[in-house]
Amino acid sequence: MENKSTDSSGDQTRAAKNGFVIRSFQLADLDQVVSLENVAFAESAYGRFDFMYLLWRARDGFLVAKKEEKLVGYVIATGEGREGLIQSIAVSPEFRRKGIADSLMRSAIGYLAKFEEIYLLVDSNNTAAISLYHKFSFRETGRIRRGYYRNGADAIEMARANRDG
Ligand SMILES: CC(C)(COP(=O)(O)OP(=O)(O)OC[C@H]1O[C@@H](n2cnc3c(N)ncnc32)[C@H](O)[C@@H]1OP(=O)(O)O)[C@@H](O)C(=O)NCCC(=O)NCCS
């Protein structure tokens, strides 16, 4: 089965060509991450303390995408036991559809390569995110958390097996 996440040629080049750099989160990024989060998730956005907690959990699995000084995206990847987790991902609206989430996912999955499986939860109405995850070989597990989000939407669980795990 094709595993796009381990083929680093395509979108690394696409993002790099557009001048985007992926690197580990630094505390100086926090204000911009919170601003992006509020735009991307509105009432269900994480706050500063959530991000500090997630930084503690994720360490180098908290990655940001930058174009010069502007923070344009982030992803948070954590892992425990056999399982990795994509905790959250977001890209600034004005920088979407340029391959940034693709590059962030590629880096996050690389970071989680030692885990056997990677899980995530996604709003069942979020077609853009579901399409992104399908592209990286995530599949619906069939488990649904009814009314999981603040707006009442269901969360669907998706997972992918890691060949290297
Ligand atoms: C989902 C999100 C992270 C995608 O970011 P992005 O940088 O625009 O995505 P990319 O340009 O890297 O696209 C990668 C893939 O995602 C999918 N995708 C992204 N946006 C899409 C859209 N509007 N409609 C359908 N598919 C989409 C496609 O499969 C795309 O692959 P392709 O370019 O080969 O078609 C972005 O829309 C976002 O931040 N949304 C708000 C936050 C959010 O919903 N996060 C997910 C929480 S679970």
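Within the sheet, Ala 77 faces Ile 86 of β4, and strands β3 and β4 pair in the antiparallel sense over eight bridges. Strands here are DSSP runs (E, at least two residues), as helices are (H or I, at least four residues), and both are numbered from the N terminus; two strands count as paired if DSSP finds at least two bridges between them. This is a predicted model, in which local features need pLDDT of at least 70 and side-chain atom pairs count only at pLDDT 80 or more, while totals for chains, interfaces and linings use all residues. Residue numbers start from 1 along each chain as its sequence is written.

The hairpin of β3 and β4 has two residues between the strands, and Gly 81 takes a positive phi near 60 degrees there. On to β5: three bridges join β4 to this strand, and the two run parallel, with Leu 85 opposite Tyr 119 in β5. Seven of the nine residues of β4 are buried, that is, 20 or more other C-beta atoms, placed from the backbone, lie within 10 Å of their own.

Stepping back, the sheet is open and has seven strands in the order β1-β2-β3-β4-β5-β7-β6, with mixed pairing. Its edges are β1 (20-24) and β6 (139-145), each of which pairs on one side only. Further along, β5 (residues 117-123) and β7 (residues 155-161) are antiparallel over seven bridges, and Val 122 stands opposite Ile 156 in β7. Helix α3 (residues 48-58) packs on the sheet, where it touches β2 (62-67), β3 (70-80) and β4. The direction of α3 makes about 55 degrees with that of β3, using axes fitted to C-alpha atoms, for helices over the stretch in contact, with angles from 0 to 180 degrees between N-to-C directions.

Finally, 19 residues surround the ligand, the closest being Arg 96, Ala 101, Ala 128, Ser 131 and Leu 132; here, the C-beta atom, placed from the backbone, must lie within 6 Å. Helix α5 supplies the largest share of this shell, six residues.

Technical notes: Two residues are in contact if their C-beta atoms, placed from the backbone, lie within 7 Å. A residue is buried if 20 or more other C-beta atoms lie within 10 Å of its own, exposed if 12 or fewer, and partly exposed in between; C-beta atoms are placed from the backbone.
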